[in-house]
Amino acid sequence: MPTTLIIPDLHLRWKSAQKVIDNFPHDQVIFLGDAFDDFGDTPEQNAAMAEWLNDFMRKPNHITLMGNHDVAYAYYGRNSYCSGFSHLKREAILDKLSIGEYRDRAKLYHYEHVFLFSHAGFKYQLYKELRQYITKKNSPEDVLKVLEIKSQNVRADLEIDRANPLTDVGWARNGSQPHGGLTWCCFKEFHPIPNVSQIFGHTPVKRPVFVAQIKGGKLDWGNFEETHLENYNSINYNFDTHFTYFGSITDGKVDYHLTLDYL
């Protein structure tokens, strides 16, 4: 059975990521974004991360998503700024990372295995605002249609430092907009889209957790061991554990694994 390996936020932990990729059997890898920046880091460390990312994104069956810390270096301006950014690190990163190719290859979202993958998640309130005049439905097909239409201008907006709702910082992260976008949505502000399941990172947690919508509309929060998929119409996993854990999907089953076991 095909297995998809889910690599969450790395923040320079490329050596550990590569060991997991080498040691965990898989058919495909999805990196959820946030390659760069860590506390007390150096330009040299970010350059090494950029070199690894440059190689990773070119491999077949390797999907790269863009996180808020990545957007800050791939573009530059007030609307792409992220804490941890420095000009010295950006110079070091751009010396190793093919930035035009990265902009072409790195994605804001990816849909597979009945899951919408993004760096930070797509909250229902933002979806309702963006879907106006497009659809009133909450099916995966409708969500993807809205994302396809609304993401067309993201790159152009970032290149001229213009705000875009899909990459905006929300109030939950001290931003100027009510909702965080696909690179900035905080887990505490996230609300599931009915009938659409998601996998993301961005907000640090001790162990991978989920928020699900029970049939009937009520929300359920918990750990993996408590999931009963037949009870939910939407289940959404947060994998950002400072790479203490990583995820996998095999035959539709989502699981998590201790990184240390594969180093």
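A: A nonpolar core is a set of buried nonpolar residues joined through their side-chain atoms. In this structure, which is a predicted model, the largest nonpolar core has 50 residues, and those with the most contacts inside it are Ile7, Phe36 and Phe122.

Q: With which residues is Ile7 in contact, leaving aside its neighbours within four places in sequence?

A: Once those neighbours within four places are set aside, Ile7 is in contact with Ala17, Val20, Ile21, Val29, Ile30, Phe31, Leu32 and Phe243.

Q: How do the axes of helix 2 and helix 4 cross?

A: One looks at how close the two axes come and at the angle between them; the axes of helix 2 and helix 4 (residues 87–96) come within 8 Å and cross at roughly 30°. Because angles under 35 degrees count as roughly parallel, helix 2 is roughly parallel to helix 4. The crossing in which helix 2 passes helix 4 is right-handed.

Q: Which residues make the contact between these two helices?

A: From helix 2 come Pro43, Asn46, Ala47, Ala50, Glu51 and Asn54, while helix 4 brings Leu88, Lys89, Ala92, Ile93 and Lys96. Sorted by class, the contact of helix 2 with helix 4 has six nonpolar, two polar and three charged residues.

Q: What is the phi of His242, and what is the phi of Phe243?

A: Most residues other than glycine have a negative phi. His242, although not a glycine, has a positive phi of about 55°, and Phe243, also not a glycine, has a positive phi of about 60°. His242 is found in the loop between strand 9 (232–238) and strand 10 (245–250), and Phe243 lies in the loop between strand 9 and strand 10 as well.

Q: Is Phe243 buried or exposed?

A: Residues under 20% relative accessible area count as buried, and so Phe243, with a relative accessible area of 4%, is buried. His242, by contrast, counts as partly exposed because its relative accessibility is 43%.

Definitions and conventions. Residues numbered from 1 in each chain as written. Predicted model: local features only at pLDDT ≥ 70, side-chain atom pairs only at ≥ 80, totals over all residues. Heavy atoms only, no water. Core = buried A, V, L, I, M, F, W, Y, C linked by side-chain atoms within 4.5 Å. Buried < 20%, exposed > 50% of the residue type's maximum accessible area, 1.4 Å probe, protein only. Contact = heavy atoms within 4.5 Å. Axes fitted to C-alpha atoms, helices over the stretch in contact; angles between N-to-C directions. Helix = DSSP H or I, 4+ residues; strand = E, 2+ residues; numbered from the N terminus. Parallel < 35°, antiparallel > 145°, perpendicular 65-115°, else oblique. Left-handed = near helix turned anticlockwise from the far one by under 90°. Nonpolar A, V, L, I, M, F, W, Y, C, P; charged D, E, K, R; others polar.
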